[in-house]
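Please look over the sequence and the model shown here, and then read the short report that follows.

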Amino acid sequence: MAIEKVMVVGAGQMGSGIAQVCAQSGYDVLLNDVSEEALQKGIQNIEKLLTRSVDKERISEQEKNDTLSRLNTTTEIQDVKNCDMTIEAIVENMDVKTNVFRQLDAHAPGHAILASNTSSLPITEIAASTNRADKVIGMHFMNPVPVMKLVEVIRGLQTSDETYEAVADMAKKLSKTSVEVNDYPGFAANRILMPMINEAIYALHEGVASVEDIDTVMKLGMNHPMGPLTLADFIGLDTCLYIMEVLHEGFGDSKYRPCPLLRKYVNAGWHGKKSGRGFYQYS
Ligand code: NAI
């Protein structure tokens, strides 16, 4: 069954980016969120990015208008009834995600594939909350979605080959490069990235160096395009903490314990760039 119509669930930083690349690649997109305000903000964000691409002559005005015409919004999850595929990008919390997957499973057509953009939660467990575990898969985009080339495609224990092929094919149509990953805590990307970010936070916590100097070490010393503390602010410190907790619990290994300073910042509501304050301040 060809994928033509896609519901993206969650209109935050990742969901709006996923909706944008899907619409730009010719898919009909229904963007869903529980908050009407989040939907409006998501669409405004997409418009802003498309306008910038027109200004930089990367796309034409016509392409921008065509993309926007393929994007619709809804606060009703039942509207998934005409969709061939869903990509969920809501908060990184298993209970909230499985609740949404149960609703998607109840209302989506039988052939529809249900994907999650989770950064770290087990796909196998998300799949088990539905009656179509063979059609549940991880589709982990990187932030910012319109810019970053990689998609980790994560196979849960019961994901079928047919589902995997359809999603890998879709990633290609979105002009992304996909990698095939098995379902282990943090998958591949965050199993490697997050312990580095957590260690950078420990270095700050222990007074090894300042925020700016830790970032400079990794930028100029290791040729990373962005320091780990800046990157943590961009990802969201709440998301970083969730992922470290998943790694810690999933492997039962103390090397993955989240730094107390990360927990303190999250408890203070310092969630990084999206909240205006993380390791840096944003106006
Ligand atoms: P965000 O906080 O920017 O957006 C989440 C959105 O989901 C909000 O608009 C919220 O209103 C909505 N939402 C919450 N519950 C909902 C529900 N039941 N139904 C519909 N919408 C609901 O979060 P962000 O950063 O976009 O992350 C979303 C997911 O993507 C998480 O699973 C995260 O781990 C993953 N992710 C995040 C990356 C990042 O760099 N921030 C990178 C890759 C994956």
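## Domains

The domain assignment of the chain, with bounds that come from an automatic or database domain assignment, gives domain 1 (5-182) and domain 2 (190-273). The C-alpha centres of domain 1 and domain 2 lie 26 Å apart, and the contact between them, where contact means heavy atoms within 4.5 Å, takes 9 residues from domain 1 and 7 residues from domain 2.

This is a predicted model, in which local features need pLDDT of at least 70 and side-chain atom pairs count only at pLDDT 80 or more, while totals for chains, interfaces and linings use all residues. Residues are numbered from 1 along each chain as its sequence is written, and side-chain values use heavy atoms, with hydrogens and water left out.

## Overall fold

The chain has 11 helices and 8 strands, which are DSSP runs numbered from the N terminus (helices are H or I with at least four residues, strands are E with at least two). The radius of gyration of the chain, taken over C-alpha atoms, is 19 Å, close to the 19 Å that the globule rule gives for 283 residues, so the chain is as compact as a globular protein of that length; the rule itself is 2.2 Å times the number of residues to the power 0.38. Along its principal axes, the C-alpha trace spans about 55 × 45 × 30 Å.

Of the contacts in the chain with a separation of 6 or more, 68% are accounted for by residues 24 or more positions apart.

## Surface and charge

Of the 283 residues of the chain, 49% count as buried, meaning under 20% relative accessible area, whereas exposed means over 50% and partly exposed lies in between (1.4 Å probe, protein chains only). The chain exposes about 13,700 Å², and carbon and sulfur atoms supply 49% of that area, as given by the Shrake-Rupley method with a 1.4 Å probe.

The mean positions of the 27 positive and 37 negative charges of the chain are 3 Å apart.

## Backbone details in loops

E57, which is not a glycine, has a positive phi of about 60 degrees; E57 lies in the loop between α2 (36-55) and α3 (61-69), and it is exposed, with a relative accessible area of 73%. N223, a residue other than glycine, has a positive phi near 65 degrees; N223 is found in the loop between α8 (211-222) and α9 (228-235) and counts as exposed at 69% relative accessibility.

The peptide bond from N143 to P144 is cis, with omega near 0 degrees, and P144 is found in the loop between β6 (136-141) and β7 (150-155).

Notes: Lys, Arg positive; Asp, Glu negative; His and termini not counted. Charge placed at Lys NZ, Arg CZ, Asp CG, Glu CD.
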